[in-house]
Amino acid sequence: MKHAVSLLITLLSVLTLNAAANPKPNILFILTDDQGYGDVGRHGHPLLKTPHQDALHDQSVRFEKFYVSPSCSPTRAALLTGMHEFRNGVTHTTDPREHLNKDAVLLPQLLASAGYRTGFIGKWHLGNDGPHAPDKRGFDWCSTNAGAATVHFDPVITRNRKREQRKGYREDVLFDEAMAFIDEAKGSPFFCYLATYSPHAPVKAPDSFKAAFVGKVDEEEADFLGMVANLDFNLGRITQHLKDRGLEKDTIIVWMNDNGGTHGLDVYNAGMRGCKATAWPGGSRAMSFWKWPEKWQPHAVQNLTAHLDVLPTLCDIAGATVPADLVTKLDG
């Protein structure tokens, strides 16, 4: 706890110096699904080429000892509430234990109170019906796809409750949706939470991204690595979109994975033991890259940090007031 508090104080002191220059930066938060800590070029993967993630790594404040829950729903709940799963109610990935407490105050609600336009794109996994749906939890712009992880191509996208058949690979479409939300923000500070399905099983990548790995690993591993390569391609696309719109310098980009890896562990696991759903570092150590051009100097931070620290940190950056009664409940 001492290390976590020390890190938060250090990080917040750096951010405070820049608050006067730009008190309301845009926030693009990208969470990948089942991409392990080792599934990126800069972390030593022998086969993956991830030039855009590598560039983000080099340009970011990088938290080297950052931990999440060992499965996806608890991680997502902790990110959005700043509370441990036993406090926020999400202890599994199945109904009803994936349902976030209805009285929980979420990050988008807090950011909205500070003038942010809030958008959610992709995988929610915290209850999709009724009061649990993302459009009832503080997001005023939502885009999801029917069929969840099982539909890789030509997904049906539901944007703000309007369904539309789309063409192409699912993650390409989801990044298109994120860029559409950014464009619709039109000058308001935005919080864009983009939660991908890739590279979660069942694995299937476009042939053009899979080709580099065919014959080097088995079929499933080739698809898995191809999915990561496609995510890297899309990170490059959305970064260029921000540049084209003149938003790059005013936008914080956060890149994280939600839990340990699944496929290709026999190829590379960054020297860690374990995988998703285990208590070992391979199950819960995550990458955490935070970039704000010309505001934060890129460097590695060795203090112990976690998904629980995200909500209070982003609220401080955005100037969003956390109610006093909620402050006492936060674990970050």
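Biologist: How much space lies in the largest pocket?

Modeller: The largest pocket holds about 500 Å³ of space. On a 1 Å grid over the protein atoms alone, a pocket is an open set of points with protein on both sides within 12 Å along at least five of seven lines, and its lining residues have an atom within 4 Å of a point. Points are joined across faces, edges and corners, and the volume is the space filled by probe spheres set on them. Please note that this is a predicted model, in which local features need pLDDT of at least 70 and side-chain atom pairs count only at pLDDT 80 or more, while totals for chains, interfaces and linings use all residues. Residues are numbered from 1 along each chain as its sequence is written, and side-chain values use heavy atoms, with hydrogens and water left out.

Biologist: Which residues of the lining lie nearest the centre of the largest pocket?

Modeller: Of the 23 lining residues, Trp-124, Asn-128, Pro-134, Thr-144 and Asn-145 lie nearest the centre. Strand E4 (residues 141-145) gives the largest share of this lining, 3 residues; helices (H or I, at least four residues) and strands (E, at least two) are DSSP runs numbered from the N terminus.

Biologist: Is Phe-86 buried or exposed?

Modeller: A residue is buried under 20% relative accessible area, exposed over 50%, and partly exposed in between (1.4 Å probe, protein chains only). Phe-86, in helix H4 (residues 85-88), has a relative accessible area of 71% and is therefore exposed. Phe-86 and Pro-74 are 12 residues apart in sequence and 9.1 Å apart in space, C-alpha to C-alpha. By contrast, Ala-133, in the loop between strand E3 (117-122) and E4, counts as buried at 7% relative accessibility. Ala-133 and His-99 are 34 residues apart in sequence, with their C-alpha atoms 9.6 Å apart in space.

Biologist: Why is helix H8 described as largely enclosed?

Modeller: Helix H8 is largely enclosed by the rest of the structure because 19 of its 26 residues are buried. H8 (residues 219-244) reaches 37 Å from its first C-alpha to its last, close to the 38 Å expected (1.5 Å times one less than the number of residues). After H8 comes Gly-246, whose phi is positive, near 70 degrees.

Biologist: How many disulfides does the structure hold?

Modeller: A disulfide is a pair of cysteine sulfur atoms within 2.5 Å, and the structure holds 0 disulfides. For Cys-72, the nearest cysteine sulfur, that of Cys-275, is 14 Å away; Cys-72 is buried, with a relative accessible area of 2%. For Cys-142, the nearest cysteine sulfur belongs to Cys-192 and is 11 Å away. Cys-142 also counts as buried, at 7% relative accessibility.

Terms used: On a 1 Å grid over the protein atoms alone, a cavity is a set of points where a 1.4 Å probe fits but cannot get out, and a pocket is an open set with protein on both sides within 12 Å along at least five of seven lines; lining residues have an atom within 4 Å of a point.
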